[in-house]
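This report describes selected features of one protein model. Please examine the sequence and structure shown below before reading on.

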Amino acid sequence: MPSTKEKAKEVLLHNLYEVDLNNNHYRRTVPSREFYIHQWNWDSATHAMGLVHIDPSRAYDEIIALISGQWDNGLIAQITFNPNETKYFPGPKFWNTKQFSHGEISTSGITQPPLLGFSIWYVYQNSPDKKAASEFLSQVLPALKKYHYYLKTFRDPEDSGLLTVVHPWESGLDNSPRWDEPLKNISVDSIPDSVKILVNTYRSDDKIGNNTHRPGLEDYYRYMYLVHLFSEWNWDYTKIITNSPFAVKDILFNSLWALSNEALSSLCSVVGESEDSAYFLKIAHQTSEAIQNQWSDSDSLFLDIDVSRGQHKTISTNTISTFSPLMTSGITPKIIDSLISRLSDPSQYATPYPLPTTSLNNPVFETKRYWRGPTWPITNLFTIIGLHRNRQNPKCLLLRDSLISSTKQMIDSSGFFEYFDPTLGLARPNNQNAAYGFGTFSWTAAIYTLLSQPNLTDLKLPLET
Ligand code: GLC
């Protein structure tokens with residue numbers, strides 16, 4: 001019987017997709033052949049971190065393929081499309097981004113949480129062949145810097161330290177209850193019929209997947225309305241940031257932004273670019289401080305902010321994103337204690353398969369609906385990184401180790417699925433199914449690989465090396 005670690009390798013091999021574009025050969029890993037048949041930004045950043053332990057050249061190629069569709073303004077998109085696959089909705093023609101395509105490589109028009117910088121740093125650090133790693137770094141570093149300049153310029157024009165996301169899909173946690181209030185800014189009645197007809201005709205996630213687990217129809221209309229608006233504005237991000245009815249300072253997105261800036265700063269110093277290194281460190285600190293200002297003592301949560309059309313409304317929904325600032329610098333012992341007590345509370349996050357993406361005692365919690373409760377390996381990974389960062393605190397150390405083993409056990413016992421029912425766990429009656437979404441999932445396989453590394457807990461984070 002192959003071990004789960006060996007099976008993880010098979011999943012990542014099975015999901016390899018090779019394609020020739022612009023006279024180059026690209027190797028990408030698709031999230032799942034059952035539905036997600038293109039390349040997703042933060043999935044690929046995660047795949048690369050797993051792949052470096054299996055076949056470093058695949059990790060390099062994963063990142064090279066991801067940056068291949070970078071726009072001239074620096075955007076690295078949420079989806080880079082495989083031109084031979086036409087089934088996925090919304091595919092290239094719905095985004096209307098052709099004029100930004102890099103030759104034959106077309107993409108969506110929005111981005112995803114900026115895990116890329118941390119991923120490139122991790123791949124570089126863990127590459128056994130240092131010469132190959134240096135070549136890889138010189139090949140990808142300019143694109144990473146350009147992406148960070150794009151994010152800083154277009155997503156934080158007011159220089160607040162916090163980037164703005166303009167679509168729930170940019171948050172990566174598409175259907176999180178944190179977005180319920182901000183999405184109310186878009187009244188369904190105001191959405192043109194043409195957009196609704198498009199969704200009614202082409203939407204496929206709820207047909208290929210289980211529709212009771214997927215986002216609701218009204219939200220889907222809103223998602224496609226935003227795509228329609230932005231394409232009407234010709235993807236002019238100055239205009240989008242000012243006018244989008246959905247514009248949020250997202251805590252999880254910004255925590256990854258701070259971490260990836262630390263990583264980028266450290267990579268710049270590796271190649272002797274000390275001015276850039278100082279700049280990216282400065283903006284990492286600016287973001288970490290801004291995140292700390294989003295801590296609410298009365299809610300004991302980090303709060304996102306709805307900044308659409310000049311508003312400033314904080315969002316206090318108890319979800320997993322409140323733990324993501326643990327990945328950033330300077331979280332105070334008092335805040336750490338408060339987060340630890342949430343993580344250890346069985347009525348909130350200490351469930352049989354931890355960690356639910358929405359607190360169990362949140363009235364909007366659901367066991368199976370997308371991002372509204374189920375456990376995802378990726379959000380567990382972020383919490384593990386955050387606890388690791390604060391490992392001088394013995395409680396963080398214990399929680400980190402227990403979360404590593406519970407995440408692995410969850411995958412050992414339920415397979416390489418997209419997400420899991422947090423309330424079921426190992427001792428389920430009649431071995432009831434606890435795994436949902438699409439199967440043979442690369443994220444899950446990559447994270448299993450990562451969490452199986454014997455020296456994982458010795459990892460020194462960017463500012464620690
Ligand atoms: C879904 C998730 C998103 C992920 C993508 C591919 O859209 O919400 O975070 O990147 O699937 O796995």
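Glutamine 39 lies in strand S3 (residues 39–40), a strand being a DSSP run of type E with at least two residues. The model is predicted, so local features need pLDDT of at least 70 and side-chain atom pairs pLDDT 80 or more, while totals for chains, interfaces and linings use all residues. Residues are numbered from 1 along each chain as its sequence is written, and side-chain values use heavy atoms, without hydrogens and water.

Glutamine 39 is buried, at 0% relative accessible area; buried means under 20% with a 1.4 Å probe and protein chains only. Its side chain takes part in polar contacts with the two side chains tabulated here. Such a contact is a pair of N or O atoms within 3.5 Å, one able to donate a hydrogen and the other to accept it; residues adjacent in sequence count only if both atoms are side-chain atoms.

| Partner of glutamine 39 | Polar contact |
|---|---|
| Arginine 28 | 3.1 Å |
| Serine 44 | 2.9 Å |

Leaving aside residues up to four places away in sequence, glutamine 39 touches Glu62, Ala65 and Leu66, among others; contact means heavy atoms within 4.5 Å.

How many disulfides does the structure hold? The structure has zero disulfides, a disulfide being a pair of cysteine sulfur atoms within 2.5 Å.

Methods. Helices (H or I, at least four residues) and strands (E, at least two) are DSSP runs, numbered from the N terminus. Buried means under 20% relative accessible area, exposed over 50%, partly exposed in between (1.4 Å probe, protein chains only).
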